[in-house]
Amino acid sequence: MPGPITNIATADATSVTVRGRDLVNELIGKHSFTEVFYFLVTGRMPDAAQTRVLDACLVTLMEHGFTPSALIARLTAESVPNQIQVSIGAGLLAIGSVHAGTMEGCADLLAKGVDEADADGWCRRIVAEHRQRREAVPGFGHALHKPDDPRTPPLLRVAKENGLDGRYVQLLLKLSTIIDETAGRHVTINATGALAALLLEIGIPPEIVRAIAVVSRCAGLVGHILEEQQTDSARHLVKLARETIPYRNPPG
């Protein structure tokens, strides 16, 4: 039985080969980070439309202020100075099913529903199941951005302008209509919902869409850590915690 192989990359004393392409002569200076990232993930170089959509997705989740991932990275930078990889790694661990990673749940739903013959009926069933469990449909609602997530319209616009507002985007919009109808009010399509649809449109497998959030947020954390080195805000955060979260002896 043959052993495992890799199609990703190899290197020798004089060359580096990435998915069959010469890194030095075919990739460096000839393709963008976004293009090569897509190439590594899918095994094919993106066209111009796919590149613009993926680039928009990467920019969208890069930064969102003092989120848990940014706070963790800053606190870690204060505790483990001069080890930036530790701070970045710590911050990235906070990307999960609550923050940024909800796009994975939405992508999974859209991937399962896109081939349903009765899209309307499928959407109604999904909404009813989530209401019965008292759970939000992944990709909908936002604690801060109300009534709408300001990041969603430009994402959907980029998809439309590049001819990539296909089956997944249309299913997301249909799901949105039925969620609003069922709730009796408007529930925003949040950025992670829009991102899920766009990433599926360009052929990113649903099981790894959360990795796109990780790559994107990694860049944002670099900025937070650099600023932390200049401002020592983590010490202020610790001081605030001590001042605002009092100690009490346990009862009994």
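**Close-up 1: the buried residues of helix α2.** Thr34, Glu35, Val36, Phe37, Tyr38, Phe39 and Thr42 are the buried residues of α2, where buried means under 20% relative accessible area, exposed over 50% and partly exposed in between, with a 1.4 Å probe and protein chains only. The model shown is predicted, so local features need pLDDT of at least 70 and side-chain atom pairs count only at pLDDT 80 or more, while totals for chains, interfaces and linings use all residues. Residues are numbered from 1 along each chain as its sequence is written, and side-chain values use heavy atoms, leaving out hydrogens and water. Helices (H or I, at least four residues) and strands (E, at least two) are DSSP runs, numbered from the N terminus. Because 7 of the 10 residues of helix α2 (residues 33-42) are buried, the rest of the structure largely encloses this helix. Its buried residues pack against β2 (16-18), β3 (21-22), α3 (48-60) and α11. Gly43, with a positive phi near 85 degrees, follows α2.

**Close-up 2: Glu228 in helix α11 (residues 209-231).** Glu228 counts as buried, at 2% relative accessibility. Not counting residues up to four places away in sequence, Glu228 touches Arg74, Ala77, Glu78, Ser233 and Ala234 (contact means heavy atoms within 4.5 Å).

Close-up 3: A disulfide is a pair of cysteine sulfur atoms within 2.5 Å. For buried Cys106, at 1% relative accessible area, the closest cysteine sulfur is in Cys123, 11 Å away and too far for a bond. Cys218 is partly exposed at 25% relative accessibility, and its closest cysteine sulfur, in Cys57, is 17 Å away, again too far for a bond.
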